[in-house]
Amino acid sequence: MRTTTYFFIFLNLSLAVFEEPAVYPLPFLVTSLVEVLCLLVFFGRLTHFAKVTLRNVFWKDTKNICIMVAILLSLTDLAIYGVLRIYNVRSIRWSRIVRPIFLINFAESRQIRRAFRSIRNTLPEITYVFLLFMFSLLMFSLMALKLFGERNLQTAEGLPYFKNYLEIVFDLYVLVTTANSPDVMMPAFDFSSWYALFFIAFVIVNTYIFMSLFLAVVYNNYKKHLKVM
């Protein structure tokens, strides 16, 4: 039973590869029949749980409620998508995001739920570090707007450089990963080499200090919660 459950969970999650937009597209009828089969297997497992479990215990178990809701949402979405497809109305399968619920909430996935609960319990404790990082990012973005916004600088593509605050926030957020380094600073560097100090300070503060601090907080809190469970 455990192997069968894992097989159909894997099959259900793998449908994303074959559904539109797909890597290897299959006809809608094929993917829908496979999904219905998977949902029937999940419903059968849920019915089996209900038969061997006391009624009040079964309905108090959040895992069972989540599985039931996920099955209903998936069937509803599949029906709506099929009807819209008949009338050539373009839509998306929004229920795909609920498919991992089956992997998490079946009884065989105890270790996955344990890890998931540890992540959930860790999130509130890393919020303060994340907010502090975002505050630093927003402040550096404001400084960049004041430094470069009135210089009439242009990128290599001829676009305005650091004129829009939200675009600056995004560019500096990417710079935290160093993915756009040093391209993001070259227009300012060409104007004056002293402007490189701004980007060096940004990388030191946000990439080396905040990212290391963020990683340490996540690791320590996750390890603490994992030991408790």
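**Close-up 1. The buried side of helix H1.** In H1, the buried residues are Thr5, Phe8, Ile9, Asn12 and Ser14. This is a predicted model, so keep that in mind for every view that follows. The packing partners for those buried H1 residues are helix H2 (28–52) and helix H5 (100–105). H1 itself is 13 residues long and spans 18 Å from first C-alpha to last, close to the 18 Å expected at 1.5 Å a residue. As background for reading the pattern, an α-helix has 3.6 residues a turn, so residues three or four places apart point the same way.

**Close-up 2. Thr5, zoomed in on H1.** Thr5 belongs to helix H1, which runs over residues 2–14. Buried or exposed? Thr5 counts as buried because its relative accessibility is 2%, and the cut-off for that label is under 20%. Setting aside residues up to four places away in sequence, Thr5 touches Phe42, Arg45, Phe106 and Glu108. For a sense of scale, pick out Gln111 as well: Thr5 and Gln111 sit 106 residues apart in sequence, with 15 Å between their C-alpha atoms.

Close-up 3. The unreviewed UniProt entry puts a "signal peptide" on residues 1–16. In the model, that span is 81% helix and 0% strand, and its end C-alpha atoms are 24 Å apart.

Close-up 4. Arg93 sits in the loop between H4 and H5. Despite the loop setting, Arg93 counts as buried because its relative accessibility is 8%. Its side chain makes a polar contact with the side chain of Glu35, at 3.1 Å. Which residues surround Arg93, once neighbours within four places in sequence are left out? Arg93 is in contact with Glu19, Glu35, Ser74, Asp77, Leu78, Tyr81 and Arg99. Glu35 therefore turns up both in this contact list and as the polar partner of Arg93, while Arg93 stays buried at 8%.

Close-up 5. Most residues other than glycine have a negative phi, and most peptide bonds are trans. You'll find Asn88 in the loop between helix H4 (62–86) and H5, and it is exposed because its relative accessible area is 73%. Thr178 also has a positive value, with phi near 65°. Thr178 is located in the loop between H7 and H8, and at 41% relative accessibility it counts as partly exposed.

**Close-up 6. Two cis peptide bonds.** Glu20 and Pro21 are joined by a cis peptide bond, with omega at about -10°. Pro21 falls in the loop between H1 and H2. The other cis bond to look for links Ser181 to Pro182, where omega is about 0°. Where is Pro182? Pro182 is in the loop between helix H7 (165–176) and helix H8 (186–191). The loop between H7 and H8 also holds Thr178 from the previous view.

**Close-up 7. Asn206 inside helix H9.** Asn206 is part of helix H9, residues 196–228. It counts as buried because its relative accessibility is 0%. What does the side chain of Asn206 make a polar contact with? The partner is the side chain of Ser136, at 2.9 Å. Not counting residues up to four places away in sequence, Asn206 touches Phe133, Ser136, Leu137, Phe140, Val176 and Met211.

Close-up 8. The unreviewed UniProt entry marks "transmembrane region" at residues 26–44, 65–84, 126–145, 165–182 and 194–219. Take residues 65–84: the model makes this span 100% helix and 0% strand, with 29 Å between the end C-alpha atoms. Residues 126–145 are likewise 100% helix and 0% strand, and their end C-alpha atoms are 29 Å apart.

**Close-up 9. The two domains, for orientation.** The protein is split into domain 1 (1–108) and domain 2 (119–228). Taken over C-alpha atoms, the centres of domain 1 and domain 2 are 40 Å apart.

Methods:
Residues are numbered from 1 along each chain as its sequence is written. This is a predicted model: local features need pLDDT of at least 70, side-chain atom pairs count only at pLDDT 80 or more; totals for chains, interfaces and linings use all residues. Side-chain values use heavy atoms; hydrogens and water are left out. Domain bounds come from an automatic or database domain assignment. Helices (H or I, at least four residues) and strands (E, at least two) are DSSP runs, numbered from the N terminus. Buried means under 20% relative accessible area, exposed over 50%, partly exposed in between (1.4 Å probe, protein chains only). A polar contact is a pair of N or O atoms within 3.5 Å; within protein, one must be able to donate a hydrogen and the other to accept it, and residues adjacent in sequence count only if both atoms are side-chain atoms. Contact means heavy atoms within 4.5 Å. UniProt positions are given in the numbering used here, feature names are shortened, and annotations may be inferred rather than shown by experiment. The expected span of a helix is 1.5 Å times one less than its number of residues.
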